[in-house]
Amino acid sequence: MGSSWFVPKTHGYGAFPANWKGWAAVAVFSLLLGLVAIAVFAPLGRLGVALFWQVALYLLLTAVLALGFIVIARRKTGGNWRWRWGDDD
(Lines give C-alpha, C1' and ligand atoms only; values in the text may rest on other atoms or scores of the structure.)
Protein backbone atom coordinates (compact mmCIF):
# COMPACT_ATOMS: atom_id res chain seq x y z
CA MET A 1 0.00 0.00 0.00
CA GLY A 2 3.03 2.27 -0.04
CA SER A 3 4.33 4.50 2.70
CA SER A 4 2.00 5.96 5.30
CA TRP A 5 1.28 9.66 5.19
CA PHE A 6 -0.24 9.62 8.68
CA VAL A 7 0.32 7.69 11.93
CA PRO A 8 -2.35 6.94 14.54
CA LYS A 9 -2.40 9.37 17.47
CA THR A 10 -1.16 8.07 20.81
CA HIS A 11 -3.90 9.91 22.72
CA GLY A 12 -7.44 10.33 21.45
CA TYR A 13 -8.88 9.42 18.08
CA GLY A 14 -7.45 10.06 14.63
CA ALA A 15 -4.10 10.43 12.97
CA PHE A 16 -1.16 12.81 12.75
CA PRO A 17 0.97 13.64 9.67
CA ALA A 18 3.99 11.32 9.54
CA ASN A 19 5.96 12.87 6.67
CA TRP A 20 5.95 15.63 4.11
CA LYS A 21 3.12 13.98 2.14
CA GLY A 22 0.85 14.10 5.18
CA TRP A 23 1.74 17.71 5.86
CA ALA A 24 1.20 18.53 2.18
CA ALA A 25 -2.27 16.95 2.37
CA VAL A 26 -3.08 19.09 5.43
CA ALA A 27 -1.77 22.21 3.64
CA VAL A 28 -3.83 21.53 0.51
CA PHE A 29 -6.94 20.89 2.62
CA SER A 30 -6.40 24.17 4.50
CA LEU A 31 -5.79 26.07 1.26
CA LEU A 32 -8.97 24.65 -0.27
CA LEU A 33 -10.97 25.68 2.80
CA GLY A 34 -9.65 29.22 2.45
CA LEU A 35 -10.40 29.33 -1.26
CA VAL A 36 -13.95 28.10 -0.67
CA ALA A 37 -14.46 30.84 1.93
CA ILE A 38 -13.16 33.50 -0.46
CA ALA A 39 -15.19 32.19 -3.39
CA VAL A 40 -18.41 32.04 -1.40
CA PHE A 41 -18.15 35.23 0.65
CA ALA A 42 -16.12 37.59 -1.58
CA PRO A 43 -19.08 38.55 -3.77
CA LEU A 44 -21.16 39.25 -0.64
CA GLY A 45 -24.05 41.48 -1.69
CA ARG A 46 -22.92 41.89 -5.30
CA LEU A 47 -24.76 38.86 -6.65
CA GLY A 48 -27.99 39.49 -4.82
CA VAL A 49 -27.72 36.14 -3.03
CA ALA A 50 -28.98 36.11 0.54
CA LEU A 51 -26.37 35.59 3.23
CA PHE A 52 -28.27 32.51 4.41
CA TRP A 53 -27.61 30.73 1.10
CA GLN A 54 -23.96 31.74 1.11
CA VAL A 55 -23.52 30.29 4.60
CA ALA A 56 -25.41 27.14 3.59
CA LEU A 57 -23.21 26.71 0.50
CA TYR A 58 -20.06 27.29 2.55
CA LEU A 59 -21.10 24.69 5.13
CA LEU A 60 -21.97 22.17 2.42
CA LEU A 61 -18.66 22.63 0.58
CA THR A 62 -16.72 22.51 3.85
CA ALA A 63 -18.43 19.24 4.81
CA VAL A 64 -17.60 17.71 1.40
CA LEU A 65 -13.95 18.78 1.67
CA ALA A 66 -13.69 17.50 5.25
CA LEU A 67 -15.20 14.12 4.37
CA GLY A 68 -12.83 13.81 1.42
CA PHE A 69 -9.85 14.64 3.61
CA ILE A 70 -10.93 12.13 6.25
CA VAL A 71 -11.23 9.38 3.63
CA ILE A 72 -7.75 10.14 2.29
CA ALA A 73 -6.25 10.36 5.79
CA ARG A 74 -7.78 7.03 6.86
CA ARG A 75 -6.54 5.26 3.73
CA LYS A 76 -3.05 6.68 4.12
CA THR A 77 -2.71 5.98 7.86
CA GLY A 78 -0.29 3.25 8.94
CA GLY A 79 -2.60 1.56 11.43
CA ASN A 80 -6.23 1.79 12.41
CA TRP A 81 -8.15 4.69 13.88
CA ARG A 82 -9.45 3.99 17.37
CA TRP A 83 -9.52 5.67 20.74
CA ARG A 84 -6.15 5.50 22.49
CA TRP A 85 -5.07 6.34 26.02
CA GLY A 86 -1.33 6.50 25.42
CA ASP A 87 1.17 3.84 26.49
CA ASP A 88 -1.50 1.60 28.04
CA ASP A 89 -2.73 0.54 24.57
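Me: Which residues does F29 touch, not counting residues up to four places away in sequence?
Reply: This is a predicted model. F29 belongs to the largest nonpolar core. Not counting residues up to four places away in sequence, its contacts are L65, A66 and F69.

Me: Which residues make up the largest nonpolar core?
Reply: This core has 6 residues. The members are F6, A25, F29, F69, A73 and W81.

Me: Is A73 buried or exposed?
Reply: A73 is found in helix α2. Its relative accessibility is 3%. Buried means under 20%, so A73 counts as buried.

Me: Which residues are in contact with A73, leaving aside its neighbours within four places in sequence?
Reply: A73 is a member of the largest nonpolar core. W5 lies 68 residues away along the chain, with a C-alpha separation of 7.6 Å from A73. The contacts of A73, with neighbours within four places left aside, are F6 and W81.

Me: What is the C-alpha to C-alpha distance between W20 and W5?
Reply: W20 is found in helix α1. Its relative accessible area is 63%. Exposed means over 50%, so W20 is exposed. W20 and W5 are 15 residues apart in sequence, and their C-alpha distance is 7.7 Å.

Me: Where is T77, and is it buried or exposed?
Reply: T77 sits in the loop between α2 and β4 (84-85). Its relative accessibility is 8%.

Me: Which residues is T77 in contact with, leaving aside its neighbours within four places in sequence?
Reply: T77 belongs to the loop between α2 and β4. Neighbours within four places in sequence are left aside. The contacts of T77 are then S4, F6, V7, P8 and A15.

Me: Which residues is Y58 in contact with, leaving aside its neighbours within four places in sequence?
Reply: Y58 has its place in helix α2. At a relative accessible area of 23%, Y58 is partly exposed. Y58 and I38 are 20 residues apart in sequence and 9.8 Å apart, C-alpha to C-alpha. The contacts of Y58, close sequence neighbours within four places aside, are L33, V36, A37, V40 and F41.

Me: Which residues make the nonpolar surface patch of about 460 Å²?
Reply: L32 is one of its members. L32 lies in helix α1 (residues 20-41). It is partly exposed, with a relative accessible area of 35%. The patch is made by V28, L31, L32, L35 and I38.

Me: Which residues does the UniProt annotation "transmembrane region" cover?
Reply: The annotation comes from an unreviewed UniProt entry. In the model, the span 51-73 is 100% helix and 0% strand. Its end C-alpha atoms lie 32 Å apart. The annotation covers residues 23-45 and 51-73.

Me: What pattern does the protein follow, read along the sequence?
Reply: There are 2 helices and 4 strands. Among contacts between residues at least 6 apart in sequence, 49% join residues at least 24 apart. Read along the sequence, the pattern is β-β-β-α-α-β.

Technical notes:
Residues are numbered from 1 along each chain as its sequence is written. This is a predicted model: local features need pLDDT of at least 70, side-chain atom pairs count only at pLDDT 80 or more; totals for chains, interfaces and linings use all residues. Side-chain values use heavy atoms; hydrogens and water are left out. Patches are made of residues with over 30% relative accessible area and no salt bridge: like charges are joined within 9 Å, nonpolar side chains (Val, Leu, Ile, Met, Phe, Trp, Tyr) within 5 Å. Accessible areas come from the Shrake-Rupley method with a 1.4 Å probe; for residues, only the protein chains shown count as cover. A salt bridge is a side-chain nitrogen of Lys or Arg within 4 Å of a carboxyl oxygen of Asp or Glu. Buried means under 20% relative accessible area, exposed over 50%, partly exposed in between (1.4 Å probe, protein chains only). A nonpolar core is a set of buried Ala, Val, Leu, Ile, Met, Phe, Trp, Tyr and Cys residues joined through side-chain atoms within 4.5 Å. Contact means heavy atoms within 4.5 Å. UniProt positions are given in the numbering used here, feature names are shortened, and annotations may be inferred rather than shown by experiment.
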